Amino acid sequence: MMKRIITMVGTSIFENYKEQHKDVGFAKLVENLRNIEAYKYNEEIDRIREIKEKLNR
């Protein structure tokens, strides 16, 4: 059985960043992670780190 976690808390930070910076690469990073099951996040750790680094600038 696949579990899916849906959260709306904090997601606006991604939309705000995309709007302010017009960063197509960032938008693709976020979009690629949007439909990935939580158990696969460890496989995407490099993408997640890149997103965190961009948000922390």
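From the N terminus on, this chain runs α-α-α. That is three helices and zero strands. Helices here are DSSP runs of H or I with at least four residues, strands are runs of E with at least two, and both are numbered from the N terminus.

A word on the model before we go in. It is predicted, so to speak of local features we need pLDDT of at least 70, and side-chain atom pairs count only at pLDDT 80 or more, while totals for chains, interfaces and linings use all residues. Residues are numbered from 1 along each chain as its sequence is written, and side-chain values use heavy atoms, with hydrogens and water left out.

Now the whole chain. It has 57 residues, and 21% of them count as buried. Buried means under 20% relative accessible area, exposed means over 50%, and partly exposed is in between, with a 1.4 Å probe and protein chains only. The chain exposes about 5000 Å², and carbon and sulfur atoms supply 51% of that. Those areas come from the Shrake-Rupley method with a 1.4 Å probe; for residues, only the protein chains shown count as cover.

Next, contacts. A contact means heavy atoms within 4.5 Å. Take the contacts with a separation of 6 or more: residues 24 or more positions apart account for 38% of them.

On to the core. Which residues make up the largest nonpolar core? There are seven: Tyr-17, Phe-26, Leu-29, Val-30, Leu-33, Ile-48 and Ile-51. H2 gives the most, with four residues. By definition, such a core is a set of buried Ala, Val, Leu, Ile, Met, Phe, Trp, Tyr and Cys residues joined through side-chain atoms within 4.5 Å.

Let's look at H2 by itself. Its buried residues are Phe-26, Leu-29, Val-30 and Leu-33. The arc is taken from the directions from the helix axis to the C-beta atoms. On the other side of H2, Val-24 and Lys-28 are exposed. The cover over the buried residues of H2 includes H1 and H3.

Pick out Val-30, which sits in H2. Its relative accessible area is 8%, so Val-30 is buried. Leaving out residues up to four places away in sequence, Val-30 touches Phe-14 and Ile-51. Val-30 and Ile-51 are 21 residues apart along the chain, yet their C-alpha atoms are separated by 7.5 Å.

Now H3. Here Ile-48, Ile-51 and Lys-54 are buried. They cover an arc of only 125° around the axis, which puts them on the same side of H3. The face turned away from that buried side carries the exposed residues Asp-46 and Lys-52. Cover for the buried residues of H3 includes helix H1, residues 12-21, and H2.

Aromatics next. Rings of Phe, Tyr and Trp (its six-membered ring) pair if their centres lie within 6.5 Å; planes under 30 degrees apart count as stacked, over 60 as edge-to-face, and the rest as tilted. By this rule we get two aromatic pairs. In Phe-14 and Phe-26, the ring centres are 6.4 Å apart and the planes are at 35°, so the pair is tilted. This pair links distant parts of the chain, with Phe-14 in H1 and Phe-26 in H2, twelve residues apart. In Tyr-17 and Phe-26, the centres are 4.4 Å apart and the planes at 50°, so this pair is tilted too. Phe-14, Tyr-17 and Phe-26 form one aromatic cluster. Buried or exposed: what are Tyr-17 and Phe-26? Both are buried. Phe-14 is partly exposed, at 26% relative accessibility.

Last, charges. Side chains of opposite charge can pair when their charged atoms come close. We call it a salt bridge when a side-chain nitrogen of Lys or Arg is within 4 Å of a carboxyl oxygen of Asp or Glu. How many are there by this rule? Four. One of them joins Lys-22 and Glu-19, with the closest N and O atoms 3.7 Å apart. Lys-22 is exposed at 60% relative accessibility, and Glu-19 is exposed at 55%. Another joins Glu-37 and Lys-40, at 3.7 Å from N to O. Glu-37 is buried, at 17%, whereas Lys-40 is partly exposed, at 30%. Asp-46 and Arg-49 also meet in a salt bridge, at 3.7 Å. Both lie in H3, three residues apart, about one turn of the helix.
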